[in-house]
Amino acid sequence: MDFKNVAIFVALPFAQRFEFLVLVSFCSQKMGKAPLFLFGVLCLFCIADADYTIYKDPKQPLNKRIKDLMGKMTLEEKIGQMTQIERSVASAEVVKKYFIGSVLSGGGSVPAPQASPEKWIDMVNDFQKGSLSTRLGIPTIYGIDAVHGNNNVYKATIFPHNIGLGATRDPQLVKKIGAATALEVRATGINYAFAPCIAVCRDPRWGRCYESYSEDPMVVRSMTEIISGLQGDIPANSRKGVPYLGGQHKVIVSAKHYVGDGGTTHGINENNTVASMHELLSIHMPAYYDSIIKGVSTIMVSYSSFNGKKMHANRDLITGFLKKTQRFRGFVISDWQGIDRITSPPHANYTYSILAAVNAGIDMVMIPYNYTEFIDGLTFLVKNNFVSMTRINDAVRRILRVKFTMGLFENPLADYSMAKYLGIQEHRELAREAVRKSLVLLKNGKSADKPLLPLSKTAPKILVAGTHADDIGNQCGGWTIEWQGKSGNTTAGTTILTAVRNTVDPKTEVVFSQNPDSGYVKQNNFSYAIVVVGELPYSETMGDSLNLTLAEPSPTIIKNVCGTVKCVVVLVTGRPVVVQPLVDQIDALVAAWLPGSEGQGVADVLFGDYGFSGKLPHTWFKTVDQLPMNVGDRVYDPLYPFGYGLTTNPVKGN
């Protein structure tokens, strides 16, 4: 073996070196040359090659890596990859023993109250070390509901909920929010966000309506730009439908909830969407087309049913339409205990639920607690030919495709240097901009020629009132620190009251009284009042409402204050609510939605530093008897129509 052959040998990939040595050996023997040196080299490199595996080589083609790894995997290891468990039942030992593919934090599930980013990273890396110590070392993915910022995490930037972002009509702003959210998720060592929700809310009685950008599918489609912010922009020449991640500062995401979750009867959460196939494809499906084109890595299935068929068991729409027709190449994940709810009552026949869900095309199951029951059940179903190995291999291939695409095998452990991005000022300024652009001005003055807004910064004495004026928890809404959200001083941010005090002239006296009576208001000679009221935090089914009225004391506060002094009412709600009986008493009315942690954005616009520009993403009804009522309906008689929003100009030197 001469030096020329040695040079060729060194330049070859590991996988081809053995073949080259055999070829050279054969040629040497034919030519009568002694191959002793060659066999020595062969032995040395066989030893070196013992540690080499194709799937661990990032230079190898993606499909070759997947094929190599799958060829080495046992059934037990494959089913482990399909298993996602909650952090409260996870440990490095559990992850190692059961080959767990993914761990998650449910809403409010944290390593410690007010945990630092470093504490989060410690936890995530501990789980990951368990997976890396397995025979094949397949890394886990860690997922979290980052639906308006990294909202489970103390001191994270909390952006407006999706309904407010829909009011901005600004996809590029939403893309920037996606990029900022990705950094704050990575700041805690997490690489998978269960977002965005691309539901089209057709009835505001639904408790998840604030997670929907709009009742209009075109607005929702435009807001899928957030995927490019979270995951990165796919290269221009990349294949459509293939998952993508733009680096270790980005996160994989899950478009949800597939499909029709926003169209249930009476807006009842997890209920039945009754619609023709044409309606499903034209209203609820289009945003999934855009998400797949943008390289979305995963899609989460809805709890709801379509014409009586549970989506978690709907093979036609999951395997038939999503995987085959739309050619989606990422993985499909269930919702939390989603397969349990295939039966009524939930978990009544778990073996059947596993069978129905996996055969429908669900690849990864968010169990999240009783993982051994799932693993044992699916193993039984495979070994007894109820679930084919072809189906198992499809699921695992998709999961591994995402993991390889993420660079997870090369970068399995979280980077502590990312912790600095949590709640940084740049992100708070971005959230403040989003708040400004999300505000919708519904009324300005009791007559058009006498507008109340923008407010004067130099008024001698002003009143700020209401349950939501000085409450960061109310301001952020559900899915904030806890699953349901919580009133009170729950995280870092600026309340609307603090924002008002920051904005007015130092000589202006700002008086705060949460629930003043009319006598108090009369006695104090206020120049004007800002009343901030709304809904208390909720999420999912807890937010379902058949009446959509503001709870007391909000209506009483409005009557006591606005019946006595000029007032602007700022509504902090996750959807349109009943306001028609109160509108005549109100001088100016602003829909602020659920603005998040940066209340300064509200004051920026109230006092004229910026103009109002937001447009209604949902029709504002007069009475709930009109619901569901959406733009384009044959009978359409709203209080404020879809797209409505008065505008004002910034005031210089106010």
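Is Tyr142 buried or exposed, and what is its relative accessible area?

Reply: In this predicted model, Tyr142 has a relative accessible area of 3% and is therefore buried, the limit being under 20%. A search for ring pairs gives a count of 13 aromatic pairs. One of them joins Phe127 and Tyr142, with 6.3 Å from centre to centre and 10 degrees between the planes, a stacked arrangement. Phe127 belongs to helix H7 (residues 117–132) and Tyr142 to strand S3 (residues 141–144), and this pair links distant parts of the chain, 15 residues apart. Phe127 also counts as buried, at 5% relative accessibility.

A tilted pair is formed by Trp593 and Trp620, because the ring centres are 6.0 Å apart and the planes stand at 45 degrees. Trp593 lies in the loop between strand S17 (588–591) and helix H24 (600–606), whereas Trp620 lies in the segment after H24, so the pair ties together parts 27 residues apart in sequence. Both tryptophans, Trp593 and Trp620, are buried.

Tyr55, Phe404 and Phe409 are linked into a cluster by ring pairs. Charged side chains are placed over rings as well: Arg436 lies over the face of Tyr610, at 3.8 Å from the ring centre, and the charged end of Lys461 sits over the ring of Phe526, 5.3 Å from its centre.

Another disulfide joins Cys562 to Cys567, with an S to S distance of 2.0 Å. The disulfide of Cys562 and Cys567 is right-handed because its torsion about the S-S bond is about 105 degrees. Cys562 counts as buried at 5% relative accessibility, and Cys567 is buried with a relative accessible area of 0%. Counting bonded cysteines along the chain, the pattern is 1-2, 3-4.

Cys197 takes part in no disulfide, and the nearest cysteine sulfur, that of Cys201, is 9.3 Å away. Cys197 is buried, with a relative accessible area of 3%. For Cys476, the closest cysteine sulfur is in Cys197, 18 Å from its own sulfur and therefore too far for a bond. Cys476 counts as buried at 0% relative accessibility.

Definitions and conventions: Residues numbered from 1 in each chain as written. Predicted model: local features only at pLDDT ≥ 70, side-chain atom pairs only at ≥ 80, totals over all residues. Heavy atoms only, no water. Phe/Tyr/Trp six-rings, centres within 6.5 Å; stacked < 30°, edge-to-face > 60°. Helix = DSSP H or I, 4+ residues; strand = E, 2+ residues; numbered from the N terminus. Buried < 20%, exposed > 50% of the residue type's maximum accessible area, 1.4 Å probe, protein only. Lys NZ or Arg CZ within 6 Å of the ring centre and 35° of its normal. Disulfide = S-S within 2.5 Å.
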